[in-house]
Amino acid sequence: MEKTVKILNESGLHARPASVFVKTASQFKSDIKIKFNGNILNAKSIMNLMSLGLKKDDEIKLIIDGPDAEEAMEALVKLIESKFNEA
Amino acid sequence: MKIGTGASPGIAFGKALVIKNEELVIEKKSVENIEEEKNRFEKAVEESKAQLLNIKEKAAKELDEGKSAIFDAHIMILEDPELISSTLNKIESEGVNAEYAFKEIIEQFIAIFEAMDNEYMRERASDLRDVSGRVFRNLMGIKVIDLSVLDEEVILVADDLTPSETVNMDKEKVLGFLTNIGGRTSHTAIMARTLEIPAVVGLKDITEVLKEGDIVAFNGETGEVIINPSEEEMNHYKELKNKHEKEKKELQNLKGKPSITKDGYKVEIVGNIGTPNDIEGLIKNDTEGVGLYRTEFIYMDRDTLPTEEEQFEAYKKVLQAMNPKPVVIRTLDIGGDKEVSYLNIDKEMNPFLGYRAIRLCLDKAEIFKVQLRALLRASIYGNLKIMFPMISSLEELLEAKKILEEAKRELDNEGVKYASNIEVGMMIEVPSAAIISDILAKEVDFFSIGTNDLIQYTTAVDRMNQKIRHLYNPFNPAVIRLIKMVIDNGHKEGIWVGMCGEMAGDKRMIPILLGLGLDEFSMSPISILPARKLIRSLNSKEMKKLSDEILKMNTAEEIEKFIENYFK
């Protein structure tokens, strides 16, 4: 399954939110990928995530495949929409 | 024997721990046994992870969560599936050694981060270097020195110590610091005095001269350093140490006594702090208040702005601990040598003359106001005085005061309480402010002279530049005249004038400052009781005469000699 979401954090996806994202993603068995600017990358890799240099208002596509894809999608979308629980 | 700058008093001797950030040489080799090489890599990663976990646990206990989070990020890098599998693949497909394979992979990522148009992300490259350096060392069997987990008592020897090194180090095990660079006002020196650890800085090549495990003895007052001392020399240092400890004990008798001259003139001796944890040292030294709380540390070593709530808690803690003694809190002073990466401030040619302190705060009023709100809310817990840094014109002062009023109106509308009698003052550290201090004095409740920057700006000397450090001299007649001018202008408008630079704790300077009429002396905690002892031995009228004499002198050398002879 796929879904497009927008980064809402003021300072983009810096280390803290990126690590929260990876931690959450790693809890699921499914294969989780991010598509941004034509690149498709493993979303369970902090290095991949940070190397994208995602800024506020950037749109990314989450591509999730596997036994718990639905739960994973729900959890990750919620995380991004809540600005990773940052002020 | 070597001589450096005595930066923090006290005698120390012990084993040297030399910290060198030497470049690791990584060669490409082909390997026969691929499986073994892969195991070697995985083992080094596991070892690195275990070390980081250990540091993280320690950091979580001793530091706040924000600071231990950095180690979490480092551990996560080591758990990165992409990084690990790419390295393993490279070892296998190219038949190369683990060091080389890992280096190739990590450098691809470093290159990506460094090419980003965002200061914050560029700095992440240094995280990668940090983490990969640990893995390389573990792979190559080179000892990884973790200052946060030391096995024995040591004297730290380094080029310079960074704030993160001093924050994370095991303070129980560190007997002293010796560094190649720096002066009395460099970070290492200020940190050493705050922690009451003896230190000598500016030794130029001490990291080259000392070998791991050498015994070294030094005097943090005179700057003398002896490498592998003879038994005789060692005994001398032991004696000195005993004497120093005895003097320290005698100073304890001054606790609870006022800082008053022989002829009954009273001044205030207060302390400088950087974090709420520093209050402990201040209370131990019987401070009469806080003369400078540098709030920028709340903003440093993290990746987002501190919230109003976080700041409120920090200020409240200091105010409560000191109540009813006064606490002067300086608003954010970043820029210059203190960088905050997440604000994405462009690199400047002259950061000390650039976008810093109040200039940044007036430009980013939304950030400034968060701090002012936190300060106002905390004001009901003690005796708060708010101080603006780096003011260079009346307009800036009025603008800062206007934003403070706005913050008050906001709190009024929200029905939030704050103290009604908060004094508002400013630092005098820019020559232009000193020169128009008669105008500025009408708009504030106090001045505090920041001599570290005032000397630097007045004499156009970068205080970190070794080549011209001799020109950075607090006895420069221009500096002393400016100080007199500020004190006189302040007193004419009926406001008090303090000083929070290193000069205020300098025992050769205190008599002059007393003579010039300074009301408040703010210094490192360690200097408070010695300063009180000195003040109690002086006569204010005599010091007035002494400072009148000094104001007639032509050179710094003349003044220094005069003071030396006067107190012989």
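**A walk through chains A and B**

In chain B, 67% of the contacts with a separation of 6 or more join residues 24 or more positions apart. Two residues are in contact if their C-beta atoms, placed from the backbone, lie within 7 Å. This is a predicted model: local features need pLDDT of at least 70, side-chain atom pairs count only at pLDDT 80 or more, and totals for chains, interfaces and linings use all residues. Residues are numbered from 1 along each chain as its sequence is written, and chains are lettered from A and ligands numbered from 1 in the order in which they are written.

Start with chain B. Its secondary structure comes to 23 helices and 16 strands. Helices (H or I, at least four residues) and strands (E, at least two) are DSSP runs, numbered from the N terminus. Chain B has 568 residues, and 43% of them count as buried. A residue is buried if 20 or more other C-beta atoms lie within 10 Å of its own, exposed if 12 or fewer, and partly exposed in between.

Take Leu529(B). This residue lies in helix H21 (residues 528-537) of chain B. Leu529(B) counts as buried because it has 24 C-beta neighbours inside 10 Å. Leu529(B) and Asn253(B) are 276 residues apart in sequence, yet 9.3 Å apart in space, C-alpha to C-alpha. Beyond four places in sequence, Leu529(B) touches Leu251(B), Leu254(B), Asn285(B) and Asp286(B).

Now the cores. A nonpolar core is a set of buried Ala, Val, Leu, Ile, Met, Phe, Trp, Tyr and Cys residues joined through C-beta atoms within 7 Å. The largest one has 88 residues; Val290(B), Met426(B), Leu513(B) and Phe521(B) touch the most other members. Helix H14 (residues 365-378) of chain B gives this core its largest share, 7 residues. A second, separate core of 44 residues includes Ala15(A), Leu49(A), Met50(A) and Ile106(B).

Next, where the chains meet. The contact takes 17 residues from chain A and 21 residues from chain B. On the side of chain A that touches chain B, helix H1 (15-26) and helix H2 (46-51) each supply at least two residues. The largest share of that side, 5 residues, comes from H2(A).

Chain A also holds an open sheet of 4 strands. Their order is E1-E4-E2-E3, with antiparallel pairing. Two strands pair if DSSP finds at least two bridges between them. Strand E1 (2-6) and strand E3 (39-42) of chain A are the edges, each pairing on one side only. E1(A) and strand E4 (residues 59-65) of chain A pair over 5 bridges.
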